[in-house]
Amino acid sequence: MSLLELAGVTAGYGAFTALWDVALRVERGEAVAVVGPNGAGKTTLLRVISGVLAPRGGTLTFDGAALAGRPAYEVVAHGIAHVPEGRRLFPTLTVADNLKMGAYLATARAHYPESLERVYGMFPVLAERRGQRAGSLSGGEQQMLAIGRALMSRPRLILLDEPSMGLAPVMVLRLFDLIRRVREEGYTILVVEQNVRQVLKLVDRAYLLEVGRVKMDGRAAEMAEQDFVRKAYVGL
Amino acid sequence: MIDPIFLAEAAVNGILLGGILALLALGLNLIFGVIDIVWIAYVDLVMLCMYLVYFLVQVYGWPVWLGGLAAIVFGAALGVAVHLLIISPILGSAPINQLLATGGLLFFLQSFATFLWTTDHRSVRLSLPSLEFGGIFLPLTRVIPFGISILALIGLYLFLTRTFVGTAIRAVSQDREAMALMGANPRRIYVVTSAVGGLMAGLAGALLIFQYSVHPFFGGQFGPLTFMICVLGGLGNMVGAFVASFIMSEIISIAGVVWSTEMGYVIAFVVFIVMIFARPGGILARRG
Amino acid sequence: MARLLGLALVALLLVAPLLPMAGMKQYVLHVAIQVLIWSFIGGAWSLMGRFGLVSLGHGAFLGLGAYGAVLLWNFYGLSPWLGGVVAALLTAVLAAVVAYPCSRFQVVGHYFGLVTLAVGEVIRLLIIAERSWTGGSLGVSLKPAGGDSLVALQFADKRVFYYAALALWLAGLWVWARVDRSMARSAMEAIGEDETAAASIGIRVTRFKIGITVLSAVLTAVGGVAYAQYIAYVNPDTLSGIGVSLRIVFAVVLGGMYAMLGPTVGTALTIALSEYLRIAFGLKLIGMAETIYGFLLIVFIIFLPAGIYGSAREWLRRRRPATVAA
């Protein structure tokens, strides 16, 4: 049984439908990417999975539990952590406080000290800046903090929404190294990215989303050969 | 020329009053910062708590500290009740409807109080001595409440910065959706926030009843003042409200001695209008 | 069809004072005059309200208008026709002073409501504070002109006031219709949707917001003058402060903020309600009438958020099957 399984998911905002009949799965321990152009519905997809947006149709199963339409705070309790687009840190709270909020769940709070040590171990920069306001960190540091915050909830699946957005190219490489390290720690990852080339080097499989539908999917190596990736190089 | 002693006394009295005004302003701001709704009837909740202390202490002879404690608990309960019964159903409504709902509560509370207790003024008689510093007389009935209000404000600060729930409250006020992604049910945080806001109203009521008499339209005295302070400090801005409380209380106190109590309000009004013109975001402007 | 009904309604209103009413005429006229004047005031408020500028401080404009005209007449013998103009100008200045920073710095929603509420309350406190010439909380009576006088706007016969109020009310509807059809309306709606976008296509956001606020304030002041002349007595609690401000807003929202007759419907209903409660309770159970009023206010807002017009329209829409597929 897959860790995460979507079937026939349709979702949108008001009169506008952003996702049509989307099917997707993520196996335990895998790293999967969802790529596609702007406006394809990638962020909407993540919001449906994490419970921020209720789908109009379709099923969503996480580790056997049906989660379609459950509110976000419930979905998190099942073990899905969502690092949102733009990071959405709490700007005037310190690094330490942001991480603390990541451990809001009762189960996470019980293991708070260990989780904190783990995160500081993976991201020593955060340990150095623990008393600093999150809003004053650099882009790369903020992304680290956002990922660290997600890890505090002791998730089984981590959703990453456009993690490279707004980062300088040097930082992007470092970021993907970081995500690789998170992956090596054993976390299952679903990442949405526009930076096709980089993300395909990182993941096992990928889905191509265009205009709300899954156009293509397969192993990362095969996907990297496809036309749309070559077009993306030219575009970049 | 006014005797400098009177001015000094007024200045100190201003500070003493400022402490309690800060409780009111911060309570209102806390709720607005998190839930994004202004409780127009907030000071009327204070009025109810004042009546409670009056009846418990003056009529039934409870000890003062116990009456105060009862007011705090009652205030917190009122806060939760208002949130669950009135605010919760209209969380998604247009701002105008939300304002009308709390406005309706204002009518309801003031009229109900009139119905229950008539418009007679009630106060609690406490004979406490006054402190004297170089010619300035400070009644203990004002000094002690000030001390308590400062302790409460410190307590609030510690609660918001050191405790888990307090930090969560600050986080929700900055980004509700992100906090939901951390597993926090925003609704539950709203209830806690309303309880804290109500608690502060209750405490303010307990501190005020020993200095002012209560009547159903007490909100008409302190309500506008609280609103002015909140706007002056920047709605939602806790530090701004704290500073603005003392600015306003000083103006009213000193002008009250130099001219008249009412002139104090007039001058505070002028300052308020000027400040809106000059710094509409509040004296320590912070957007959102 | 609607036009025919409208004309019939106006005709009825015109002849109403001439109809026999079994001795109740004075009372009916009294209530009708109040409904007309307060509907006018409600309409003035709705010019701002429909564009998202929710003012909870219209009592300030009402009070300035009423007290301005009354005090100028009492102290200087200035005809309320002129006194009203002076008061309206004062009100316009206050409105501009408040509207300018609010619109430049995008003070909207609850914040704007609170700012206007504070202004309204402060006017009330000012009136009470300056009791030596304003009469304070006890209010002030209009100095009698000694008989009917057009210059002093005082008449013994209620029917004269009735027709004057009717004319005022119709004038208010005319202004509402003009604004509705004007460029200002489209501009304000664009501003309401997306202020930055509106500004980027050249809409002078600040100018429109201030303009609408001043217009609304001036009309409200005129309404205040009218009311003061009719009742011949002003009091800070009935003509300024949060109480009257909230009542105006509630009447408009209840009737329907976006329809021309919305404020009228809402005002008629709320006045009818409070009259009924006042009569039912009389002098017994002081405060109970108001308590019920406040309670109903809360209930209405929670369960009928779109007002009567809005809810009626929704109900009608649901009866009629949708012809456009989603």
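1. The structure is a predicted model, in which local features need pLDDT of at least 70, side-chain atom pairs count only at pLDDT 80 or more, and totals for chains, interfaces and linings use all residues. Residues are numbered from 1 along each chain as its sequence is written, while chains are lettered from A and ligands numbered from 1 in the order in which they are written.

2. Chain A holds 11 helices and 10 strands; helices (H or I, at least four residues) and strands (E, at least two) are DSSP runs, numbered from the N terminus. Its C-alpha trace spans about 45 × 40 × 35 Å along the principal axes.

3. Of the 236 residues in chain A, 46% are buried. A residue counts as buried if 20 or more other C-beta atoms, placed from the backbone, lie within 10 Å of its own, as exposed if 12 or fewer do, and as partly exposed in between. Helix α1 (residues 42-50) of chain A is mostly covered, with 8 of its 9 residues buried. The buried residues of α1(A) include K42(A), R47(A) and S50(A) as well as L45(A), L46(A), V48(A) and I49(A). Just after α1(A), G51(A) has a positive phi of about 95°.

4. Chain A is divided into domain 1 (1-79 + 159-236) and domain 2 (90-155), with bounds from an automatic or database domain assignment. The C-alpha centres of the two domains of chain A lie 23 Å apart. Their contact takes 12 residues from domain 1 of chain A and 9 residues from domain 2 of chain A; two residues are in contact if their C-beta atoms, placed from the backbone, lie within 7 Å. On the domain 1 side, α2 (72-78) and α8 (169-184) of chain A each supply at least two residues, and α8(A) gives the largest share, 6 residues. That side has 8 nonpolar, 2 polar and 2 charged residues. Here Ala, Val, Leu, Ile, Met, Phe, Trp, Tyr, Cys and Pro count as nonpolar, Asp, Glu, Lys and Arg as charged, and the others, Gly among them, as polar.

5. Chain B contains 11 helices and 2 strands, in the order α-α-α-α-β-β-α-α-α-α-α-α-α from the N terminus. Buried residues make up 55% of its 288 residues. Among contacts in chain B with a separation of 6 or more, 76% are between residues 24 or more positions apart.

6. The contact between chains B and C takes 39 residues from chain B and 41 residues from chain C. On the chain B side, α4 (95-117), α9 (219-233) and α11 (261-278) of chain B give two or more residues each. The most come from α4(B), with 15 residues. By class, the chain B side has 31 nonpolar, 7 polar and 1 charged.

7. Within chain C, helix α3 (residues 58-76) and helix α5 (residues 109-129) pack at about 35°, their axes 6 Å apart. Axes are lines fitted to C-alpha atoms, for helices over the stretch in contact, and angles run from 0 to 180 degrees between N-to-C directions. Residues including G59(C), G63(C) and Y67(C) of α3(C) meet residues including G120(C), I123(C) and I127(C) of α5(C). The contact of these helices has 6 nonpolar, 4 polar and 1 charged residues.
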